[in-house]
Structures are given as structure tokens and as C-alpha cells.
Amino acid sequence: KKKKFDNEGRILIAEYPWFLLYNIYFPNGSSKAERLTFKMEFYDAFLEHVNSQLKAGKKIIVCGDINTAHKEIDLALPDANRNKSGFLDMEREWIDKFLTLGFIDTFRVFNSEGGNYTWWEQVTRARSRNEGWRIDYFLISNNLSVNLKDAFIMPGVQGSDHCPVGIELSF
């Protein structure tokens, strides 16, 4: 079942003495129904995998483009996008499930304000109006929470329709 995800090169895993780092480009589900199904299956397969790593006592960092804005605060126009992939209830519920499994949305530890986005649609020049989505995350396992010192978004960095996000850990 999981072999079908292998041919898109979506996950880089690096194992360090203190944690496992997953850098992931989660599928986008907006092009057609089959891709939304693929996205949700990818989400579930990853959840199953990472749960086994947690049960083995691993400390885990997941970073990348999750392709879903979690809460209304995470996009500029929630009402206009409620029925679009990237803000569908089932996608947002998966993030809830992931966090409940034992993860922290690092940015929200330090910032509960709206207007903080990591992606803007280029065609409509949404960045100039800051009409974006926060779809890029650093999620860490609860057993790393004592090591978390900062989490941030760098919207001033140009060159892409996304901007960098980062965290600072101390060991």
C-alpha cells in the first residue's frame, strides 16, 4: 500500500542523535478528486508510520509544506476557501489528529496572531495584499517541547510563492 507513495520523492529523512527529521512536501489535493484521495491516503500512511516511531521512543521533527491551513487564523480568506483543498474539514481534522498523537505546532507556541502566512498565490499577486495561507510548518513531538526555544516565519524572504519557516532548539 505504501509503495505507491515512493515514486514522487516527497520525504527526506535524516536521523540525528537527538531526533529524527522529516522534511516533507505533502501532496496537493486541488487538481482533481483522485489527488485529494491520494493526499488523504498519504496523510494516513504518514500518521501510521510516525506513530510507530513515537511508540519506539523517538523524538521527531516534521517540517515542510503540509498543503493545509489548519485553522481559520491560518489563512486570510477562510470563508472563500472553505470548500477548497487545503482548507477542507477532512484535511484540517487530519492535522488535529496528528497533533493529538503527540505533536506541537511550534509557530503557535510563540504566536497566536493572524496575518502570518507562508504561501501566497502568485497569479493574483496575493503577497502584496498579504492574502496568504500558513501551510508550511515545523511540528515537533511533545518529547522535544523542552528543547524548543523559538519558531518563526520569514515573510520578507522573496524568490518563491512560499517563504522560509524555522525553529530554534537547544540541547
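Mentor: Two strands pair if DSSP finds at least two bridges between them, strands being DSSP runs of E of at least two residues and helices runs of H or I of at least four, numbered from the N terminus. The model is predicted, with local features needing pLDDT of at least 70 and side-chain atom pairs pLDDT 80 or more, while totals for chains, interfaces and linings use all residues. Residues are numbered from 1 along each chain, and side-chain values use heavy atoms, without hydrogens or water. Here, β3 (residues 60-65) and β5 (residues 136-141) run antiparallel and are joined by five bridges, and glycine 64 has tyrosine 137 of β5 as its bridge partner.

Trainee: In what order do the five strands form the open sheet?

Mentor: The order is β1-β2-β3-β5-β4, with mixed pairing, and the edge strands β1 (11-15) and β4 (103-105) each pair on one side only.

Trainee: How many cavities of 30 Å³ or more does the count give?

Mentor: A cavity is a set of points on a 1 Å grid over the protein atoms alone where a 1.4 Å probe fits but cannot get out, and lining residues have an atom within 4 Å of a point; points join across faces, edges and corners, and the volume is the space filled by probe spheres set on them. The count is one, and the largest cavity holds about 60 Å³. Its lining comprises 13 residues, of which Thr106, Phe107, Tyr137, Phe138 and Val165 are the closest to the centre. At least two lining residues come from each of α4 (106-110), β5, β6 (148-153) and β7 (165-169).

How values were computed: On a 1 Å grid over the protein atoms alone, a cavity is a set of points where a 1.4 Å probe fits but cannot get out, and a pocket is an open set with protein on both sides within 12 Å along at least five of seven lines; lining residues have an atom within 4 Å of a point.
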